[in-house]
Amino acid sequence: MNRFFLWGITAVNLSVISFVLYLYFTKEKIAYVNLNKVYKEFEMKKELENKLISIQQNRKTIIDSLEIQLRAFSRHFEKAVKIDEKEQLMFDQKKEEYRSKKKNFTEDNQALTQQYTDQIMKQLNEYVRNYGKDHNYDFLLGADNNGSIMHAKEQFDVSDDVIKYINKAYKGVIK
Amino acid sequence: MGKGALVLFLSAVLSVTIFASCKRGSLGCQDYVKWMDNPNNGFKMTKAFEGIKYTLQYKTKEYLAIQDNKGQPLSPTSLAKGIEQYNDMCYFTLRMETFDKAHDPLTVKIVSEDEYHQRNTYFSYQFQNELKVLVNTDTVNCGLFSMVNNYGLAPYVDFVLGFPLKSDKVSDDLVFLLDDKTFNNGIVKFTFKSRDINDAPKLLTN
């Protein structure tokens, strides 16, 4: 009777242990990342942002220089008794150059911003996906303060870890 | 005393183990090539974005000498000669391939034959300008460039690249930069650790 009881207890214990292990190993692994934070801290974003600012600054210098020339012309014309035809022609040419350059630069700046944003998002998405795979996540959610995640405990926030990973991946250090 | 001796013995064993794991030793020709081709050893790296995969192989001069000798064992003289012809440059092979391995990467997202020819011309002559190496605080432009044209028969395209370097040894990590404007993936970086480059295995000769 005692022996039968012992076997019974052992069987129950084994079942409980198996069930706990099953729950432990089949539990879905979920975490979330703060998308704004990850995007802001992504090295590629910082590099391209600096590049974009530098290009835009150079273009602005060209436009400003043309604007100064046009103002000088205007002041000269205001004071002049008679306007020289050659000067008038030059002024018109400069005005046209200013308009066309300003328009082209505005369009190019927008296109370049869009191009860089696309490049950043492509690489960022790929690296975050790889992070999820490498760390065996079943779900990696993106919190962007738009209500996609209403509440989550901070312990599930892996943003800092993801930032380290994506910057290493961008550098090409992670194999 | 016995305890002290045991600690000393264990320390010695540990030191030898650590030393042995740090030094890569010497390898025969075939093992050397296998070692270099193994992505875990830091000389071959891969990155992939939206259907395009980039694989970059850093090629030591020994590796190139073996390739020239068709994988056959080298004598010290032939190795020295082989290495000499590759001096002053740092060599890579870059492969761009499609994920599905069914399409020529040059045909990805194109709509006309003209576009294909334009892309072919770009990759044959202008793509060189998009490649750079950052090493020892210098930015080095690609000095040797050759696209291995397979005329669309393979789902990849290879580029043989060389960058003029003053020294074989590097003080900082070597960073390879590729600006992908064709597939709009932007700057694609590969970092080769200085430790890996400086401590590459020695090649055994006959």
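Tutor: Helices (H or I, at least four residues) and strands (E, at least two) are DSSP runs, numbered from the N terminus. This is a predicted model, where local features need pLDDT of at least 70. Residues are numbered from 1 along each chain as its sequence is written.

Student: How many helices and strands are there in chain A?

Tutor: Read the elements from the N terminus on: they run α-β-α-α-α-β-α. In total, chain A has two strands and five helices.

Student: What is the radius of gyration of chain A?

Tutor: The radius is taken over C-alpha atoms, and the globule rule is 2.2 Å times the number of residues to the power 0.38. For a compact globule of 175 residues, that would be near 16 Å. The C-alpha atoms of chain A fill a box of roughly 125 × 35 × 20 Å along the principal axes. The radius of gyration of chain A is 32 Å.

Student: What share of the residues of chain A count as buried?

Tutor: Buried means under 20% relative accessible area, with a 1.4 Å probe and protein chains only. Chain A has 175 residues. The buried share is 25%.

Student: How are H3(A) and H4(A) oriented to each other?

Tutor: Helix H3 of chain A covers residues 43-79, and helix H4 of chain A covers residues 85-134. Their axes (lines fitted to C-alpha atoms over the stretch in contact, with angles from 0 to 180 degrees between N-to-C directions) come within 10 Å and cross at roughly 170°. Angles over 145 degrees count as roughly antiparallel, and 65 to 115 as roughly perpendicular. H3(A) and H4(A) are therefore roughly antiparallel.

Student: Which residues of H5(A) make the contact with H4(A)?

Tutor: H4(A) and H5(A), residues 159-171, pack at about 115°, with axes 9 Å apart. Contact means heavy atoms within 4.5 Å. From H4(A), the residues include Tyr127(A) and Tyr131(A). From H5(A), they are Asp161(A), Val162(A), Tyr165(A), Ile166(A), Ala169(A) and Tyr170(A).

Student: How are H3(B) and H4(B) oriented to each other?

Tutor: In chain B, helix H3 spans residues 61-68 and helix H4 spans residues 76-84. Their axes come within 8 Å and cross at roughly 110°. H3(B) and H4(B) are therefore roughly perpendicular.

Student: Which residues of H4(B) make the contact with H3(B)?

Tutor: H3(B) brings Lys61(B), Glu62(B) and Ala65(B). The partners from H4(B) are Leu79(B), Gly82(B) and Ile83(B).

Conventions. Chains lettered and ligands numbered in written order. Predicted model: local features only at pLDDT ≥ 70, side-chain atom pairs only at ≥ 80, totals over all residues. Heavy atoms only, no water. Parallel < 35°, antiparallel > 145°, perpendicular 65-115°, else oblique. Buried < 20%, exposed > 50% of the residue type's maximum accessible area, 1.4 Å probe, protein only.
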